[in-house]
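Have a look first, then read on.

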Amino acid sequence: MHTATAVAHPNIALCKYWGKRDAALNLPSTPSLSLTLAPFRTRTTVTWGAESDRIVFNGVENTALEGRKILGALDRLATLTGLGRPPCVVETENDFPTAAGLASSASGFAALVLAADAASKAGLSPEALAVLARRGSGSATRSLQGGWVEWSMGEAPDGSDSFGRAIAPADHWDVRMLVVLVRSGPKEIGSTQGMNHTMETSPYYPAWVEQAPADVVEARGAIIGRDLERLGRVTERSALRMHASMLAADPAVIYWKPETLTALEVVREARRAGIAGWATMDAGPNVKVLCAAADAPSLALRLTTAGLTAQVLTPGGPARVVG
Ligand code: PMV
């Protein structure tokens with residue numbers, strides 16, 4: 001019996017992943033690009049060799065879908081090493097809302113594969129772990145890395161080249177991401193379900209896929225050149241185009257709540273007043289705002305004055321084994 005603990009930060013995509021070209025392998029239809037964010041984190045302990053399989057999620061025994069997906073990741077790791085998998089205990093907790101479009105599955109599967117690799121003494125390569133994380137939740141492949149991360153689509157049919165790679169570390173650029181928590185409960189439609197429905201029924205989906213790669217090239221250039229205006233524009237447009245593809249699905253997928261639009265309006269008004277911030281939204285109603293460190297307090301004040309809340313996040317480091 002061996003136990004290991006790992007921590008990972010969530011990441012928020014600046015250029016979004018929305019759609020799978022291979023559902024079984026969890027391969028994306030678009031490249032994506034993200035920023036890993038502290039101090040939010042998932043902490044996961046894996047005990048490799050126990051009496052029976054047990055998943056404890058935020059202190060509560062879990063037998064539902066998340067539990068099965070977690071055990072699926074452990075099974076895949078055991079298959080890769082050629083060793084059998086003993087019963088395992090996985091204890092995982094988030095210090096931020098789970099499944100609310102705040103990327104808890106990203107930090108969750110990143111911490112899980114690292115802890116499982118250490119507990120099983122599998123010794124997989126970083127690339128193999130990044131692929132394993134992707135199989136659990138696509139965006140998790142980006143949370144293994146700190147800072148600015150690109151998940152390229154890859155070309156290999158087995159998906160072995162489709163995983164997150166660091167573009168620049170967390171200390172490359174001292175920006176801020178404000179999180180406007182509109183709802184903290186689980187989202188109404190899971191991201192896989194929302195993506196599949198958009199792919200199957202939205203006439204805008206092909207256009208979304210077609211334009212996405214150019215946005216990633218643009219964002220990468222903006223990050224390397226530390227050009228916040230350029231990055232902000234591409235960030236907001238990627239999120240709005242992703243949501244436009246969902247709005248055109250039949251029936252529409254609408255994650256937004258009234259406060260989502262309030263936050264968007266505050267950000268746009270602030271921009272008109274010379275405070276530079278750009279909004280992004282995921283598979284949920286919460287809004288995240290990318291801005292310069294110096295502008296974070298005044299943007300947060302504008303959001304709270306409008307009756308919203310704002311938490312300030314900073315670029316975070318890579319996932320790591322802590323014990
Ligand atoms: O990793 P998943 O399956 O939870 O999908 C994430 C989808 C978005 O958060 C909406 C976009 C992204 O790139 O993170």
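Q: Where is Lys 121?
A: Lys 121 sits in the loop between helix H2 (104-120) and helix H3 (126-136). Helices here are DSSP runs of H or I with at least four residues, strands are E runs of at least two, and both are numbered from the N terminus.

Q: Before going on, what sort of model is this, and how are things counted?
A: It's a predicted model: local features need pLDDT of at least 70, side-chain atom pairs count only at pLDDT 80 or more, and totals for chains, interfaces and linings use all residues. Residues are numbered from 1 along each chain as its sequence is written, and side-chain values use heavy atoms, with hydrogens and water left out.

Q: Why is Lys 121 called exposed?
A: Exposed means over 50% relative accessible area, buried means under 20%, and partly exposed is in between (1.4 Å probe, protein chains only). Lys 121 has 58% relative accessibility, so it counts as exposed. Its phi is also positive, about 60 degrees, although Lys 121 is not a glycine.

Q: What makes Arg 226 partly exposed?
A: Its relative accessible area is 47%, so Arg 226 goes in the partly exposed class. Arg 226 is in the loop between helix H6 (205-224) and H7, and its phi is near 50 degrees, a positive value in a residue other than glycine.

Q: Why is Thr 45 called buried?
A: Thr 45 has a relative accessible area of 18%, so it's buried. You'll find Thr 45 in strand S6 (residues 42-48).

Q: How do you know that the side chains of Thr 45 and Thr 5 make a polar contact?
A: A polar contact is a pair of N or O atoms within 3.5 Å; within protein, one must be able to donate a hydrogen and the other to accept it, and residues adjacent in sequence count only if both atoms are side-chain atoms. The pair joining the side chains of Thr 45 and Thr 5 comes in at 2.8 Å and is listed as a polar contact.

Q: Thr 36 or exposure: is Thr 36 buried or exposed, and why?
A: Thr 36 is at 0% relative accessibility, so it counts as buried. Thr 36 lies in strand S5 (residues 32-38). Contact means heavy atoms within 4.5 Å, and residues that Thr 36 touches include His 9, Arg 142 and Thr 314, not counting residues up to four places away in sequence.

Q: Why does Ala 13 get the buried label?
A: Ala 13 has a relative accessible area of 4%, so the label is buried. Ala 13 belongs to strand S2 (residues 11-15). Leaving aside neighbours within four places in sequence, Ala 13 is in contact with Leu 33, Ser 34, Arg 142 and Thr 280.

Q: Which residues come nearest to the ligand?
A: Of the 14 residues around the ligand, these are Tyr 17, Ser 137, Ser 139, Arg 142 and Ser 191. A residue is near a molecule or strand if one of its heavy atoms lies within 4 Å of it. A polar side-chain atom of Arg 142 is 2.7 Å from an oxygen atom of the ligand, and a backbone N or O atom of Tyr 17 is 2.9 Å from a ligand oxygen.

Q: What makes the bond between Ala 38 and Pro 39 stand out?
A: The peptide bond joining Ala 38 and Pro 39 is cis, with omega about 5 degrees. Pro 39 lies in the loop between S5 and S6.
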